[in-house]
Amino acid sequence: MGINYAINVPATSANIGPGFDVMGLSLSLYLTVNACIEPDAQPSPSTSNITISYEGENSSGLSLDPRANLITRTALYVLECNGLKQFPHPTTVCVNNRIPLGRGLGSSGAAVVAGVILADAVGSLGLTQQRMLDYCLMIEHHPDNVAAALVGGFVASYLIDVDRSGNVPASEADETEVLRREREQKAAAADENVKLPPENIGHFLRLGCSPKIKAVTIIPQFELATSKARAALPGSYKTHDVVFNLQRLAVLTTALGRDTPDPWLIYRAMEDKVHQPYRMHLIPGLPEILKTFNPDNTPGLLGICLSGAGPTILALAVDNFDQIAAKIRSVFDRQPNGGVATEYKLLDIVSEGSTCEKTSN
Ligand SMILES: Nc1ncnc2c1ncn2[C@@H]1O[C@H](COP(=O)(O)OP(=O)(O)OP(=O)(O)O)[C@@H](O)[C@H]1O
Ligand SMILES: N[C@@H](CCO)C(=O)O
C-alpha cells in the first residue's frame, strides 16, 4: 500500500515581448512528477532512501543525485525549511519531462515549481499557492515563468524588493544562475542553516487571453542557458527604450483578452527594446524573423517574439498555424553553415496551472 502523488506542471513562455521578467503564458506541454511514499514512512537520515528516475527531454544529461537534481534539490530545500531533513523513507520519484531544456520554455521554472509541490505533498506541509510562490522565488529569482507555471494562463507578476537569501546582499539576485546554483549546492552540502523565504515576495494577476489564440513555438535544436542570455543584457537602459516597453506592455495586458484579437495592435504591443535586441547574436535568424513577418504578410499572425530567454520563437496566432511555423522555420533553415535545425510545436495556452493529484493503492 502506498500513497501516490501525480504532479503536473506546464511549460511557460516568459516576457511575451515587452514584459521582461513580468509576463508569462502557460502552455500545453508538461513536466510530470509521480511520487510514491509509504503511508507510515518516516524521515530518514540518508538521501539514498529516495529513488529518482527520469525520462523525456535530454534524458541522459540530468543528474539523478537528489542534492543536485533541480526538482529534488528544491524539494529538499522546502522540506528543510519546514523542519524535515529528508524525504520520507522510502520515496520513489518518477519524472517524465516533455519540456525541452534550455530553450526558453520554462523548463527550470517548471522543475522548481514541481519541487516545491513535491515537498508540500510528501511532507504534508499544507502550503498555500502564495507561499509556494515564495519558495519558488528563492530558487528562480524572476517571477514570470514560475508564476505562470503555478497558476496557469496569461499572468503578470512582480517581486517585492527584499533580500531573499536572508543573509546575502540583494545584489546577488543578479549573479549568474550557474554561480547561484553552485553557491546553493555548496550551502546545501555544508548543511548550513536553511533560510525561510520572506512571506509574500511575489505577487501576480491572471489576465484575460482569448481562447482563439494559440502558441506556435519554433524550437531550435540547441540550448541557450538563461544565465548566458541574461549576461548579454546591459546594466542600464535609455529612458526612451524603457518607455517604449512600458507603453506596449500596458496595451498587451488587455489586448490578448479581447474576444476578437486585433492583429496589428498586438503585433506592435509585442515589440521590445529591453532584452531581444541584446540577444540577437545568440539566436541566428532572430533579427530576420522579428523584422520580416507581420499580420499583413502572414495572415493569422498576431505577434512574434523570443520565448523567455530563447532560443525558441513564440508566434501568437489565431489561424494558419502550420503556414506561420513553416515561414519561421525556413528562416532558420537558411542560416549559414547548414542552417539551424528546429522543431515545431503548436501549443494551447492553458488556463490551468500546476496540479497535484493524490491517490492510494
Ligand atoms: N525537469 C528537470 N529536472 C531537472 N533539472 C531541470 C529540469 N528542467 C530543467 N532543469 C535544469 O534547468 C536548466 C535549464 O534552465 P534554463 O533556465 O537555462 O532554461 P529554461 O528554463 O529551459 O529556459 P527559460 O528560463 O528561458 O524559459 C537545465 O539545464 C537543467 O539544469
Ligand atoms: N525573463 C527571463 C525568462 C527566462 O527565464 C529572461 O528573459 O531572462
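Biologist: Which elements supply at least two residues each to the shell around ligand 2?
Modeller: In this predicted model, β1, β2, α4 (143-151) and α6 (226-231) each supply at least two residues of that shell.

Biologist: And which one gives the most?
Modeller: That's α6, with 3 residues in the shell around ligand 2.

Biologist: Okay, which residues come nearest to the ligand?
Modeller: There are 13 residues around ligand 2, and Ala14, Asp21, Thr226, Gly308 and Ala309 come nearest.

Biologist: How does the shell split by class?
Modeller: You get 6 polar, 4 nonpolar and 3 charged residues around ligand 2.

Biologist: Switching to domains: what does the assignment give for the chain?
Modeller: Domain 1 covers 3-204, and domain 2 covers 209-348.

Biologist: So where does ligand 2 lie relative to those two?
Modeller: Ligand 2 lies between them, because domain 1 and domain 2 both give residues to its shell.

Biologist: How many residues of each domain are in contact with the other?
Modeller: On the domain 1 side 28 residues are in contact with 34 residues of domain 2.

Biologist: Which elements of domain 1 supply at least two residues to that side?
Modeller: β1 (3-15), β2 (19-43), β5 (154-159) and α5 (177-189) each do. β2 gives the most to the side touching domain 2, with 7 residues.

Biologist: How do the residues on that side of domain 1 divide by class?
Modeller: The side of domain 1 that touches domain 2 has 14 nonpolar and 12 polar residues, plus 2 charged.

Key: Residues numbered from 1 in each chain as written. Chains lettered and ligands numbered in written order. Predicted model: local features only at pLDDT ≥ 70, side-chain atom pairs only at ≥ 80, totals over all residues. Domains from an automatic or database assignment. Contact = placed C-beta atoms within 7 Å. Helix = DSSP H or I, 4+ residues; strand = E, 2+ residues; numbered from the N terminus. Nonpolar A, V, L, I, M, F, W, Y, C, P; charged D, E, K, R; others polar. Near = placed C-beta within 6 Å.
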